[in-house]
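Trainee: Could we go through this structure slowly, one question at a time?
Mentor: Gladly; let us look at it together and begin with a term that we shall need.

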Amino acid sequence: MMERKYEPAVVEAGVQQRWKKEKVFELGPIQPEDEIYYCLEMFPYPSGKLHMGHVRNYAIGDAVARFQRMRGRRVLYPMGFDAFGLPAENAAIQGGVPPQEWTEARIEEMTAQLVRMGFSYDWTRTFATCRPEYYRWNQYFFLKFLERGLAYRKAAPVNWCPECRTVLANEQVHEGCCWRHEETPVERRDLTQWFFRTTAYAERLLANLDSLEGWPDHVKEMQRHWIGRSEGVTLRFPSRDATTGEEIVIETYTTRPDTVYGITYLVLAPEHPLVDRLVASEQKEGLKSFRAEVARQTLTERTDGTREKKGYALGNTFTNPFTGEECPLFVADYALMDYGTGAVMAVPAHDQRDFEFARAHGLPVRPVIHPPGKRLIGAEMTEAYEDDGIMANSGDFNGWENRRAWEGIADLAEERGWGRRTVQYRLRDWLISRQRYWGTPIPVLYCETCGVVPASDLPVLLPREVRFTEGGNPLTTARDFVETTCPKCGGAARRETDTMDTFVDSSWYFLRYCDPSNTDAPFSPETVRGAMPVDQYIGGVEHACMHLIYARFFNMVLYDMGLVPTEEPFRNLLTQGMVSLETYSCPEHGFIYPAENEDGRCQKCGSKVTVGRVEKMSKSKKNTIDPGEIIERYGADTARTFILFAAPPENELIWSSQGVEGAWRFLRRIYDLVERWREYETADSDDQDKEIRRKTHDTIRRVTRDIEERFQFNTAIAALMELVNRLQAVTIVTPAAMEGMEVLLKCLSPIAPHLCQDRWERLGKTTLLVKESWPELDEKALEVEEVEVPVQVKGKLRARIRIAPDAPEPEAVAAAAAALGITEEPKRVIYRPGRILNLIL
């Protein structure tokens, strides 16, 4: 009989056709009483082509979904597209292609690739966030947030990316640069913007982290740091309007009230609204120049602890109520409106930043906390003393330990009306306004009579007739969109031209999957009750402090509105590691990529290459591997198997051409093995059956544990490779051997589903593996009647004996004596049951 040849393209097309025909992955309606297993990956932006980061993410999720189906669960496993964003708008600017048209074409391309990979999504639930049937509900939620006081508008300094030509949230600024354009410094500008009041939920966002037992500790710690809870005191310092003499109170927030007697000056952020009232007339021109200088600085420069602190004297003073002393006022570049109150009480003796500023501006340094057994002199200090110690120069608190004085000074401030205990958060309210076209229109309009008016009819549709230029917001060019009528008074009004941050789209999309066809509401609360929370959420750790915090906040608000059953949306979280590339070093051309390495030599010059550095795959570095090329050559199953075998999900995966070849060979061995078995003699039993069943059920035990408990697909595949090795030694196909083959195909099917289904049918089976039950472990099959134990005499191997794995020592020694032909009683015995016996005679 002629053996078939493994042709992945043919195998995978045939299997996918059957899946599609039988609608095997469609879940059907969800009922409130259902116990759904909800498996979800962070949905992609449709850039047009999958990259290896996508493939890794989705291969993990698909393996989990398939495993859970075979474990008897009803699985919700959907896919959609986070489809608003700048690339589509840039395509319109550069190539004249409308964003809608560009995006839909990219969605079509990406959908075809996802289908080609064999991912088991329920495509009846798919949606794209750029379509009105989705973004109308963004607008609905905005208006609900507005009603609850959670959406508001204010003028504030914002982060502006000159490359994106839009505002960025604080979370989107990474080391002073745009999170998308990593080398573009972010600028500070003043604009009137829309915000969501995330700070109203800061304490719950923080407290609930302790309940997220299925989340990685490092992600929870990242969120704790970002939320940044601190306990301190807000203090009130009186000053005077430099023009009118009217009293002005400057509030500052400090976590060190124990140092308040050491204040020698106070700084305000240049953007602080009180600065224009506090500055003396002769200082105004200089202030204007200083503000312009600070505006040119990036956020990173302003917060860089190593650079020179710049400031400008306002020519005015304030009074320290604790000492009665008048001290000077400054503006400084290191004071920020985004943190605390935008004003900082300066204690140079006990804060290094204040110390450096004081030395640069000739300001006094007054120590009020001394190290135990030592006295500090301000003029002689070379750095700030920031540790604990004994209070001095602090009135009634002299001689106290500073930790005790912290509480005493806070009490005094509250008693005298000089301040109050305050809890502050690093988390800021979520800036959602974006000055771009391709996003959800904010559903409000502005009327001179009525003020801010919510839109009466949703959705507020994006207009098609707009002009895309190199700068500015294209929506402002759509006159018919901007100019409208007030629904309250009937007078002239204008629409808001800002659109929403695209993180709004991804903050509730997991709920829409539960009820994607609902035209009356974003989703039915009853339907959501049957599926939420998400059982397993999978995505990159880079979203820990943006998407994941926003989604948690959004879900909490909807919980308070009675729309969702739980406060937290994601029960378990898996953050997969990045995909990296091993480069090569050419003596002529330096570092080259795998595509330029041909059989160990540089394609450009023929020089012999050596292994170089490992670097992250990135489109900007043009070092990505196209999954399409791998699938075309080796098939989707090979790509999936390599990705799941190369590293545990949380670890970095280093791309390896040799690893891909290895995965291909492994799958081909299985394909060929089934072909050969069809020619083998069959029998009811064989003397190897017990050992084969033991290996089979040990594989079930290991693979089940590795997938269910740890998501360690790499060790699960290693166990299956061992089983393949054992089955290759079979020459007579018995029921025990056939059980081993069936277990192999079932356990491998979440990883390489096409090959396994094809081989399943080649064995004469007619069912779909995805509908088969996961193999049951038979603990008795793991029992070993006898094991071979090596016998050593004085450390040298002398014999091997077969005994029960738990045979007692006297029995093992007797068997060894018989094998060795000795009668002498050993002086010493070292025995490890079932493993080794060492005799010293």
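Mentor: Helices of at least four residues and strands of at least two are DSSP runs, numbered from the N terminus. Please keep in mind throughout that this is a predicted model.

Trainee: Where does proline 533 lie?
Mentor: The peptide bond that leads from methionine 532 to proline 533 is cis, and its omega is near 0°. As for its place in the chain, proline 533 belongs to the loop between H15 and strand E24 (536–540).

Trainee: Which residue does a cis peptide bond join to leucine 458?
Mentor: The residue in question sits in the loop that runs between strand E20 (451–454) and helix H13 (479–482). With omega at about 5°, the cis bond joins leucine 458 to proline 459.

Trainee: Which residues have the most contacts inside the largest nonpolar core?
Mentor: Phenylalanine 142 belongs on that list, and beyond its sequence neighbours up to four places away it touches, among others, Trp194, Phe196, Ile432 and Met500. The largest nonpolar core has 172 residues, and those with the most contacts inside it are Tyr38, Phe142, Phe196, Tyr509 and Phe510.

Trainee: What separates the centres of domain 1 and domain 2?
Mentor: Domain 1 covers 1–23 + 656–783, whereas domain 2 covers 31–129 + 506–576. Taken over C-alpha atoms, the distance between their centres is 31 Å.

Trainee: How many residues does the contact take from each of domain 1 and domain 2?
Mentor: Two residues count as being in contact when their heavy atoms come within 4.5 Å. By that cut-off, the contact takes 19 residues from domain 1, and from domain 2 it takes 15 residues.

Trainee: Is phenylalanine 290 buried or exposed?
Mentor: Phenylalanine 290 is found in helix H9 (residues 284–295), and it touches residues including Pro270, Tyr312 and Val331, leaving aside those up to four places away in sequence. A residue is called buried when its relative accessible area is under 20%. Because its relative accessibility is 6%, phenylalanine 290 counts as buried.

Trainee: Lysine 23 and phenylalanine 711 have positive phi values; is lysine 23 buried or exposed?
Mentor: Neither residue is a glycine, and phi is near 50° for lysine 23 and about 55° for phenylalanine 711. Phenylalanine 711, in the loop between helix H20 (689–708) and helix H21 (713–728), counts as buried at 13% relative accessibility. Lysine 23 lies in the loop between helix H1 (8–22) and strand E1 (36–41). Since its relative accessible area is 53%, and the cut-off is over 50%, lysine 23 is exposed.

Note on methods
Residues are numbered from 1 along each chain as its sequence is written. This is a predicted model: local features need pLDDT of at least 70, side-chain atom pairs count only at pLDDT 80 or more; totals for chains, interfaces and linings use all residues. Side-chain values use heavy atoms; hydrogens and water are left out. A nonpolar core is a set of buried Ala, Val, Leu, Ile, Met, Phe, Trp, Tyr and Cys residues joined through side-chain atoms within 4.5 Å. Buried means under 20% relative accessible area, exposed over 50%, partly exposed in between (1.4 Å probe, protein chains only). Domain bounds come from an automatic or database domain assignment.
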